[in-house]
Amino acid sequence: MRHRVFNDDGDTELVFVMGWGNRWTHENVSWLIGKLTDAGYRVHAFELPTNIEDFKADWLEPIAEYVLEFEEYQLLAHSSGALVAQALDGADDHVYLSPWWGYGADYPDALLDLVSKVPTTLPCLPVGDMDRDTLGERATDHQLATTPQWVSPAFVRETRHAQQDLLTIDHDAVVFCSLRDPVISLRPIGERVPAEHVVLYDGGHELFSSATRERYIDLLLDALEDGAAAIEARSIVPA
């Protein structure tokens, strides 16, 4: 797993667990990291491996061991990064962007059950369309060209097990998501996070690739600083 620290002079530790296929070299991810560092955070960014054999060993444990060095920190996680982040200890505030706590409707349970049983770690399963309609209007050509197109049956098995074993979500957690997101299931969000702590934006899977991202960045930063109180104090109507 790759990780990198941005803004060594930052005043507050922030752990940012990126989603599957995200790279800090992607322009829109870099935009978000820039907003975080401008706000004074020392950003510890993690790139998840795009193929795994074991959820805990390959995704969770490296980050869980890393955060043990912090007395306190803020936590931001996107998509599959939120599947990892919900199992981390010690964060003051939790902000999840399009948390991948369940597969979207384009991935039927019967099909997922079937492929999960195939005993191979070979990436041989197409992930489907990861285009601008899916990710967001601001997704760049570079991002689309470098997004992996395949996962393994072992990946499906391990991520589904992790989704089924979700812990109790911190009561102060904040979620940003889109009702038009085809990648994730919204049901686990509704079951685990109070509606008043959910911010809806108009766009695809990635808030940072949304055409309306500038409207939400200040609220995201407020949520990292003050938790759900920042959301309860403000109201945004999707454009």
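Trainee: Given that two strands pair if DSSP finds at least two bridges between them, which residue stands opposite V198 in β9?
Mentor: In this predicted model, V175 stands opposite V198. The strands β8 and β9 pair over three bridges, in the parallel sense.

Trainee: What is the order of the strands in the open sheet?
Mentor: The seven strands run β1-β3-β2-β4-β5-β8-β9, with mixed pairing. β1 (2-6) and β9 (198-200) are the edge strands, each pairing on one side only. From one strand to the next, the twist averages 15 degrees.

Trainee: Which strands does α2 touch where it packs on the sheet?
Mentor: Helix α2 touches β1, β2 and β3 (41-47), and its direction makes about 160 degrees with that of β3.

Trainee: And which strands does α9 lie across?
Mentor: Helix α9, residues 217-226, lies across β2, β3, β4, β5, β8 and β9. Its angle to β5 is about 150 degrees.

Trainee: Changing topic, how many residues are in the largest nonpolar core?
Mentor: That core has 46 residues, and V15, I63, Y96, W101 and F155 have the most contacts inside it. Elements that give two or more residues include β2 (12-17), α2 (55-66), β5 (91-97) and α7 (153-164). The most comes from α2, with five residues.

Trainee: What does F155 touch?
Mentor: Leaving aside residues up to four places away in sequence, F155 touches W20, T50, N51, I52, W59, W100 and Y103.

Trainee: Which residues does the second, separate core include?
Mentor: The second core has 31 residues, among them V95, L97, V199 and Y216.

Notes
Residues numbered from 1 in each chain as written. Predicted model: local features only at pLDDT ≥ 70, side-chain atom pairs only at ≥ 80, totals over all residues. Heavy atoms only, no water. Core = buried A, V, L, I, M, F, W, Y, C linked by side-chain atoms within 4.5 Å. Buried < 20%, exposed > 50% of the residue type's maximum accessible area, 1.4 Å probe, protein only. Helix = DSSP H or I, 4+ residues; strand = E, 2+ residues; numbered from the N terminus. Contact = heavy atoms within 4.5 Å. Pairing = 2+ DSSP bridges. Axes fitted to C-alpha atoms, helices over the stretch in contact; angles between N-to-C directions.
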